[in-house]
Amino acid sequence: MRHALGLAARGLGNTWPNPAVGCVIVRGGTVVGRGWTQPGGRPHAETVALAQAGDRARGATAYVTLEPCSHHGKTPPCSEGLIAAGVSRVVCALGDPDPRVNGRGFEMLRAAGIEVVTGVCEAEARALQIGFLSNVVLGRPMVTLKLAMSWDGRIATASGESQWITGPQARRRVHAMRANHDAVLVGGGTARADDPSLTVRGLGVTKQPVRVVMSRRLDLPLTGQLARTAGEIPVWIIHGPDASEELRSAWEGLGAMLMEVPVTAGHLDPEASLAALGERGLTRVFCEGGGALAASLLGADLVDHVNVFTAGLGIGAEGLPGLGAMGLDRLGAAPRYRLERLDQVGPDVLSHWVRKTTLI
């Protein structure tokens, strides 16, 4: 099962709106087939593994990280495929809460006389599938917030200089993080100040994440990198009702997809924004700031993971803080996260934090 989970992880960032699943087929103590969900979500992991196993799947055990699907979509159900292949036993890590499945896959297998074992490495599978589960259960994608700061919590000097606080190894790690998410999210201020491309570079990826910008008035540079490449790599822009029709037409003409959400307290509603992304199938979103957007998501309890790169320099109180104002007057109201891991990345330190309270 751990091998199957490792295979499933290869699909992260490439399979949305489908989950990233891994499957290993074993017969007589020998692996005869293995697979993971392919880019775009098809073919499914079981289909790939069964094709590799061929006739050797008969009488074998299939280890699958998520309950095999039971509904007819663009492809036949994986449960039917396992039954037709003659698999005698299915070991699964996690049930699928999708209303179209939700136990029906297991029922189909058992009705066909196949032994079904569940809950193997369930915690590991749940952690891997948090994005898919979040979309199905909460109606929004999982959110990873990335911060790159000096050790006194600053992301730029008073003049706005920020390149580069962290080293090249940290920047390469960020590209790897982008690659295993469905989308990269920034605020309008970051898009205007940095003119980012938000692409994955240097890793040979074939599918780029969606670039998402939250900009209330759509007042983003029409000659910037995002605008120039919107027809080649998806650009989605979340905006408010007060965005001008002229700017809407301009961005749609460049190939961007626009999503209008309500404005609350003068800012785009963070819950509505993530719900809009969830409706369009995103399961894993990598937020790279800026500080106001990060504070908004944290304040609304919408951040699941926090990855903080800390560099060995101090900038001082006049520098730009990593987080915008959150209006907190009590420590008890501050969002709390559990430290999962510490890594040294070149000269910098990367801390991985996970929310303390489980929502799924």
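Modeller: Helices here are DSSP runs of H or I with at least four residues, strands are runs of E with at least two, and both are numbered from the N terminus. The model is predicted, so local features need pLDDT of at least 70 and side-chain atom pairs count only at pLDDT 80 or more, while totals for chains, interfaces and linings use all residues. Residues are numbered from 1 along each chain as its sequence is written, and side-chain values use heavy atoms, with hydrogens and water left out.

Within helix 6, the residues I130, G131, F132, L133, S134 and N135 are buried (under 20% relative accessible area with a 1.4 Å probe and protein chains only; exposed is over 50%, partly exposed in between). These buried residues pack against helix 5 (122–128), strand 6, helix 11 (270–279), strand 14 and strand 15, contact being heavy atoms within 4.5 Å.

Helix 6 (residues 130–138) also gives the largest share, three residues, of the lining of the largest cavity. On a 1 Å grid over the protein atoms alone, a cavity is a set of points where a 1.4 Å probe fits but cannot get out; a pocket is an open set with protein on both sides within 12 Å along at least five of seven lines; lining residues have an atom within 4 Å of a point. Grid points are joined across faces, edges and corners, and a volume is the space filled by probe spheres set on the points. The largest cavity has a volume of about 80 Å³. Of its 16 lining residues, L12, P19, A20, T283 and R284 are the closest to the centre. By class, that lining holds seven nonpolar, seven polar and two charged residues (nonpolar: Ala, Val, Leu, Ile, Met, Phe, Trp, Tyr, Cys and Pro; charged: Asp, Glu, Lys and Arg; polar: the others, Gly among them).

The second largest pocket holds about 780 Å³ of space. Its lining has 28 residues, of which A127, I130, H305, E340 and V354 are the closest to the centre. Helix 5, helix 6, strand 15, strand 17 and strand 18 each give two or more residues to this lining, and the largest share, five residues, comes from helix 5.

Two strands count as paired if DSSP finds at least two bridges between them.

These strands belong to an open sheet of nine, in the order 11-10-9-8-14-6-15-18-17, with mixed pairing. Strand 11 (257–260) and strand 17 (337–345) are at the edges with a single partner strand each, so one side of each has no neighbour in the sheet. From one strand to the next the twist averages 20 degrees. Helix 7 (residues 168–179) packs on this sheet, touching strands that include strand 6, strand 14 and strand 15, and its direction makes about 165 degrees with that of strand 15. Axes are lines fitted to C-alpha atoms, for helices over the stretch in contact, and angles run from 0 to 180 degrees between N-to-C directions.
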